[in-house]
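Here is a brief report on selected local features. Please view the sequence and structure first.

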Amino acid sequence: MMKSMRTMKKAIAVAAALAMGVGALAACGSSTSGTSESKGKVYYLNFKPEVAEQWQTVAQDYTDETGVEVIVETAASGTYEQTLKSEMAKTDAPTLFQVNGPVGLARWKDYAADMSDTEVYKQLEDQGQALKSDDGSKVLAVPFVMESYGIIYNKDLLNRYFDASWSSVKSLDKLNTFAALKTVADEIQAHKGDLGVKGAFTSAGFDSSSDWRFKTQLADVPLYYEFKDKGLTSQPATIDGTYLDNFKNIFDLYITGSTTDPAQLSSKTGDDANSEFALGEAVFYQNGTWAWTDLNSAGVEADNVGMLPIYIGAPGEENQGLTTGSENYWCINSKASKDDQQATADFLKWMITSDAGKNALATDMGFSTSFKTFDDVSTDNPLIDESKKDVEEGRESVTWVYTMMPSEQWKNDLGSALLEYAQGTGGWDAVRTAFVDGWAKEYAAAQ
């Protein structure tokens, strides 16, 4: 809601459509073969810059196989919503776009076609994950990626810490609370020279390619525990900030245990954090399963990474798992022509049923998908393996409640307050105001 480890140009893959001599199908649905029978075209506005190049390849492969024109454009990190608004206002608007959950769908439900008859809906492992119209009669958005995030760690460096004479925590199974994480991070920071690192954590950068890790994904954890305490399953009009002190504790740890002086955080990028981790300059790096593409490209070995939950000192966190969910839901544009809607539905079918499409999603992009058709597909993403192990061990996943955050403005205001606090130019009270008062303000504005 998904955020790049690289600054990437908009990716555009365009191929001329070939005349196929077949009639267009009338409505969104699955074709009877693995290739498209529609006269239409596909224009996909991709949310995830870290796989922009892979989508270009997919577009070309599909066009080569079917003759159907596929255009893929990728919004820059942190700009998807504004880019979508701009593109939807054009004559040739996206035929396929993404929403990040129920709140995102609420903004775009008038543009979401019924996907009940599409293969991507029919092949969902859990059709209850799909987002429906208010009356439940239409399927408006289908999740295509399940992702997990936490604190990625360098196994070699962490094992060297465990073996050190000065370390207090001696094994990974003891690193299962915030208190333990703080002990480890503080001791690594105090013995940076012994380990040959610049810090316990990579830089908590607040460039737009990185700030979402804190204003959105880190903020999810205290929200999750507050919502859990209250039994909330839908977006509330107000929040209390029950776990804001816990939020402060983990954020303080990121800052004090960082590779970077706090004064430099405003310009630090996702690339910087990725590079610091890949070079072994830091032991810990908050990110998720999607980060593997960039880490692997930077030379990180698959057997040298693991992932811990984000511990904040909440009750019962000894059994806490990774933060898992989806903010990647496909929607077909109901305003597009029937031919284009059909072409888009056919393209999605190909993505989840053909060998080329499945390989692109699972291997090239490193996604853990939500479809039954992927039972025969394995991934070489070790962070996905970590998330599966987490489930197998019976840990309690932290759900992605950040899909209920009231607006992008709420995130941005929180991010600004966090940066001011980190730099020492603002206090935590401003963070509290942005978190609690900002929620009520943005919720009311959206109604």
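## Model

This is a predicted model.

## Glu147

Glu147 belongs to strand 6, which runs over residues 147-154. Its relative accessible area is 1%. The cut-off for buried is under 20%, so Glu147 counts as buried. The side chain of Glu147 makes a polar contact with the side chain of Lys48, at 3.0 Å.

## Second largest pocket

The second largest pocket holds about 480 Å³ of space. Its lining has 22 residues, and the closest to the pocket centre are Glu125, Met146, Ser368, Thr369 and Lys388. Two or more lining residues come from each of strand 6 and helix 14 (382-392). Helix 14 gives the largest share of the lining, four residues.

What is the make-up of the lining of the second largest pocket by class? Ten residues are polar, eight are nonpolar and four are charged.

## Helix 8

Helix 8 spans residues 212-230, 19 residues in total. From first C-alpha to last, helix 8 reaches 26 Å. That is close to the 27 Å expected at 1.5 Å a residue. Helix 8 is also mostly covered, with 16 of its 19 residues buried.

Where does helix 8 kink? The kink lies at Asp220, shortly before the proline Pro222, and is about 35°. Just after helix 8 comes Gly231, with a positive phi of about 70°.

Note on methods: Residues numbered from 1 in each chain as written. Predicted model: local features only at pLDDT ≥ 70, side-chain atom pairs only at ≥ 80, totals over all residues. Heavy atoms only, no water. Buried < 20%, exposed > 50% of the residue type's maximum accessible area, 1.4 Å probe, protein only. Polar contact = N/O pair within 3.5 Å; in protein donor to acceptor, adjacent residues only side chain to side chain. 1 Å grid on protein atoms, 1.4 Å probe; cavity = no way out; pocket = protein on both sides within 12 Å on 5 of 7 lines; lining within 4 Å. Points joined across faces, edges and corners; volume = space filled by probe spheres on them. Nonpolar A, V, L, I, M, F, W, Y, C, P; charged D, E, K, R; others polar. Expected span 1.5 Å × (residues − 1). Bend = angle between axes of the 7 residues up to and from the residue.
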